[in-house]
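Subject: Structure for you to look at

Dear colleague,

I am handing over the structure below, together with some notes on what was found in it. Please read them with the coordinates open beside you.

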Amino acid sequence: MANNTSFLCAIILFSTIVFLTSSSTAMTTFNVQRYGARGDGKTDSTKPFLTAWTLACGSEAQSMVYIPRGTYLVRNLVFWGPCKNIITFKIDGKLVAPKNYWSIGNSGYWILFAKVNRILVYGGTIDAKGAGYWSCRKKGGHCPQGARSISFSWCNNVLLSGLTSLNSQNLHVTVHHSSNVRIQNIRIRAPSRSPNTDGIIVQSSSGVTISGGVIGTGDDCIALNQGSVNIYIDRVLCGPGHGISIGSLGDHADEEGVNNVTVTNSVFTKTRNGVRIKSWARPSTGFVRNVEFRNLVMRNVGNPLIIDQNYCPSGKGCPNQSSGVKISGVTFANIKGTSTTPIAMKLDCSGSHHCTEITLKNIKLTYMKGATTSYCKNAHGGASGVVVPMNCM
């Protein structure tokens, strides 16, 4: 179910992108240098970028905001829509944030596309210079909330292709309240010890395809939060980081569910977790349905397969209730590799809402220091093929 639905969404989105990029209509180009941007890495080019966007967004013709080669210093950039026609945002250069993390850290966003329909973002590098902010966080000092590097909020028909995102203050790419989004051939990098530098976050969005990415961060490579529907993730190289997660869920009592997710043909290397579903142990209306994790390779990964409905990473102030998130229809298939933890498969489900329709198929996970084991609690389902460690449901 998850695979078929997500594949259909991917085909529909691909057709949309082909339509957007193959139109024969002439394109008007707005080069940021024409409006005063300088690629010297020192001159504040925020205003020229916003000027180019305003002109492109207001143009009746298909338009391109063009960033030539060079390094451009920019503060917070909010690109508002709706626009009158298709917009291409082409980066041949590099965008860098100011070294003073307060410059962008108070707004929550560094580069934000909001209420834009039919937007294509190509290439380039963005570097949020997050090291100073991470240091502030680790010292427990007075710090701003931190900025997400590039975000799409209330956007439809989006293509993000070929971007390199470096050293985000906290989150690299976020997709919120959006639909028909394709993220492809993206590179994301932050040190493994950098706090909360998730690679890609999806929330309250539908029809999102993530394909062909290399993601190494200090937190989740990809996290699918409440309201993520029809998600297809393919050919991602994850590591270092915390793996690919659904959740955490159960943040609120009244919460949207996650439905129809496929994660396939991906490799995890030295990550803290592999594929994971996590929820806080408290009441919630949330749910997780129709999820397929398949054709995955684990290379020295902790907790390769995990459902954790008693999620509480700090071990302090844990809810210690029973998770209301209902998990059903989850498949783990064709997964192999090595685990750095003896428990290679942990299915720790809610006492009040057991996990149901869990399927294990062709799993082989080994542990260097002995045999791998599995742990199951309130989990129900079946297994087929060779399953190592042994099915404990």
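Lys270 has a positive phi of about 55° although it is not a glycine, and because its relative accessibility is 61%, it counts as exposed. Asn320, placed in the loop between β25 (305–308) and β26, likewise has a positive phi of about 55° without being a glycine, and its relative accessibility of 69% makes it exposed.

Please keep in mind that this is a predicted model. The protein chain has a mean pLDDT of 94, with 94% of its residues at 70 or more. Over residues 5–16, however, pLDDT stays under 50, and the model has 17 contacts beyond four places in sequence for that stretch. Where pLDDT is low, the predicted coordinates should not be read in detail.

The loop between β20 (228–238) and β21 (244–249) holds His242, which UniProt lists, in an unreviewed entry, under "active site". With a relative accessible area of 13%, His242 is buried. Setting aside residues up to four places away in sequence, His242 touches Gly218, Asp219, Asp220, Arg272, Asn273, Gly274 and Arg276, and its side chain reaches the backbone oxygen of Gly218 at 3.3 Å. Pro240 lies in the loop between β20 and β21, and a cis peptide bond, with omega about 0°, joins Gly239 to Pro240. A cis peptide bond also joins Gly81 and Pro82, again with omega about 0°, and Pro82 is in the loop between β5 (77–80) and β6 (87–91).

Two strand residues with polar side-chain contacts may also interest you. Ser161, in strand β12 (residues 156–161), counts as buried at 10% relative accessibility, and its side chain makes a polar contact of 3.0 Å with the side chain of Gln184. Beyond its neighbours within four places in sequence, Ser161 is in contact with Val121, Tyr122, Gly123 and Gln184. His176, in strand β14 (residues 171–176), is buried with a relative accessible area of 12%, and its side chain makes a polar contact of 3.4 Å with that of Arg148.

Which strands run parallel to β26? Strand β24 (residues 287–301) is joined to β26 by eleven bridges, the two running parallel, and Leu296 stands opposite Ile335 in β26. Ten bridges join β26 to strand β28 (residues 355–367), and these also run parallel; here Gly337 has Leu365 in β28 as its bridge partner. Strand β26 (residues 326–339) is itself mostly covered, with ten of its 14 residues buried.

Finally, a check on helix α2 (residues 46–57): at 1.5 Å a residue its twelve residues should span 16 Å, and the end C-alpha atoms are 17 Å apart, which agrees. The buried residues of α2 include Phe49, Ala52, Trp53 and Ala56.

With best wishes

Conventions. Residues numbered from 1 in each chain as written. Predicted model: local features only at pLDDT ≥ 70, side-chain atom pairs only at ≥ 80, totals over all residues. Heavy atoms only, no water. Helix = DSSP H or I, 4+ residues; strand = E, 2+ residues; numbered from the N terminus. Expected span 1.5 Å × (residues − 1). Buried < 20%, exposed > 50% of the residue type's maximum accessible area, 1.4 Å probe, protein only. Contact = heavy atoms within 4.5 Å. Polar contact = N/O pair within 3.5 Å; in protein donor to acceptor, adjacent residues only side chain to side chain. pLDDT = per-residue confidence, 0-100. UniProt positions renumbered as here; feature names shortened; annotations may be inferred. Pairing = 2+ DSSP bridges.
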